[in-house]
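This briefing covers charged side chains and aromatic rings. Please keep the sequence and the structure in view while reading.

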Amino acid sequence: NMTQFLYVHFNKNVIVLIDEYDTSIQQGYLREYFDDVLDFFRPFLVEGLKGNNYLKRAVITGIMKVAQESVFSSFNNPSVSTITSSAFSDKFGFTEEEVKEMLDYVGMSDHFDNVKTWYNGYIFGKKHDIYNPWSIINFIQEEGLYKPYWVNTSGNELIRDVLQMDKVKSKETLEKLIRGDEVRE
């Protein structure tokens with residue numbers, strides 16, 4: 001409905017951005033209401049995106065393959081870019097040039113070498129030197145205070161749960177996840 005309302009008001013097809021759609025799905029899995037979360041998200045995303053005449057384009061970000069497989073089974077043709085894809089590889093964080101420009105703009109260009117040490121490290125596709133956006137923005141807002149701003153921005157419960165398995169099983173499970181294989185427990 002929202003895309004229809006926006007289309008009627010602006011007389012233009014709508015671009016929808018959905019960030020971290022899979023966080024709720026992960027929490028549902030961890031807290032044992034996974035099916036309920038899927039029952040909500042599947043029609044919300046599929047009906048909102050598939051065959052929506054008011055939609056120009058949608059970009060959905062998430063990190064969990066399990067969530068993608070579970071939600072989009074009815075949505076049969078999304079284009080997927082992963083961290084190994086070259087498409088959009090410079091769009092998942094700030095490039096080095098963008099960071100230099102931001103630091104220069106706020107009069108902090110003398111911090112660049114330390115900022116690179118603290119917040120550079122993403123590699124997407126063949127693109128190196130991608131910076132954590134949350135960290136860069138907070139670093140600038142905090143006027144040069146170096147901190148691990150990203151620490152509390154995500155949950156690591158799934159990784160912790162896997163690591164608490166017996167040594168052989170956790171190794172096998174992690175290897176499957178790295179390969180992109182499905183894991184069910």
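A salt bridge here is a side-chain nitrogen of Lys or Arg within 4 Å of a carboxyl oxygen of Asp or Glu. The model is predicted. The structure holds 3 salt bridges, and a search of the whole structure finds 8 aromatic pairs. Glu96, Lys116 and Asp129 are linked in a network of salt bridges.

**Salt-bridge network**

- Glu96 and Lys116 form a salt bridge in which the closest N and O atoms are 2.5 Å apart. This pair links distant parts of the chain, with Glu96 in helix H5 and Lys116 in helix H6 (residues 112-119), 20 residues apart.
- Lys116 also forms a salt bridge with Asp129, where the closest N and O atoms are 3.3 Å apart. Here too the pair links distant parts of the chain: Asp129 belongs to strand E5 (residues 127-131) and Lys116 to helix H6, 13 residues apart.
- How accessible is Glu96, buried or exposed? Glu96 counts as buried, because its relative accessibility is 15% and buried means under 20%.
- Lys116 is partly exposed, with a relative accessible area of 28%.
- Asp129 counts as partly exposed at 27% relative accessibility.

**Salt bridge of Asp90 and Lys91**

- The side chains of Asp90 and Lys91 meet in a salt bridge of 3.0 Å, N to O.
- Asp90 is partly exposed, with a relative accessible area of 31%.
- Lys91 counts as exposed, since its relative accessibility is 58% and exposed means over 50%.

**Negative surface patch**

- Which residues gather in a patch of negative charge on the surface? They are Glu97, Glu98, Glu101 and Asp104.
- Asp104 lies in helix H5, which covers residues 96-105.
- Asp104 is exposed, with a relative accessible area of 53%. Patches are made of residues with over 30% relative accessible area and no salt bridge.

**Aromatic pairs and cluster**

- A pair of aromatic rings is described by the distance of the centres and the angle of the planes.
- Among the aromatic pairs found in the search of the whole structure is that of Tyr7 and Tyr54, a tilted pair with 5.3 Å centre to centre and 50° between the planes.
- The pair of Tyr7 and Tyr54 links distant parts of the chain, 47 residues apart. Tyr7 is in helix H1 (residues 2-10), while Tyr54 is in the loop between helix H3 (34-49) and strand E2 (55-60).
- Tyr7 counts as partly exposed at 27% relative accessibility, and Tyr54 counts as partly exposed at 27%.
- Why is the pair of Trp118 and Tyr119 called tilted? The ring centres of Trp118 and Tyr119 are 5.8 Å apart and the planes are at 50°, so the pair is tilted. Planes under 30 degrees apart would count as stacked and those over 60 as edge-to-face.
- Trp118 is partly exposed, with a relative accessible area of 36%.
- Tyr119 counts as buried, because its relative accessibility is 3% and the cut-off for buried is under 20%.
- Trp118 and Tyr119 belong to one aromatic cluster together with Phe139 and Tyr146.

Methods. Residues are numbered from 1 along each chain as its sequence is written. This is a predicted model: local features need pLDDT of at least 70, side-chain atom pairs count only at pLDDT 80 or more; totals for chains, interfaces and linings use all residues. Side-chain values use heavy atoms; hydrogens and water are left out. Patches are made of residues with over 30% relative accessible area and no salt bridge: like charges are joined within 9 Å, nonpolar side chains (Val, Leu, Ile, Met, Phe, Trp, Tyr) within 5 Å. Accessible areas come from the Shrake-Rupley method with a 1.4 Å probe; for residues, only the protein chains shown count as cover. Lys and Arg count as positive and Asp and Glu as negative; His and the chain ends are not counted. The place of a charge is taken as NZ of Lys, CZ of Arg, CG of Asp or CD of Glu. Helices (H or I, at least four residues) and strands (E, at least two) are DSSP runs, numbered from the N terminus. Buried means under 20% relative accessible area, exposed over 50%, partly exposed in between (1.4 Å probe, protein chains only). Rings of Phe, Tyr and Trp (its six-membered ring) pair if their centres lie within 6.5 Å; planes under 30 degrees apart count as stacked, over 60 as edge-to-face and the rest as tilted.
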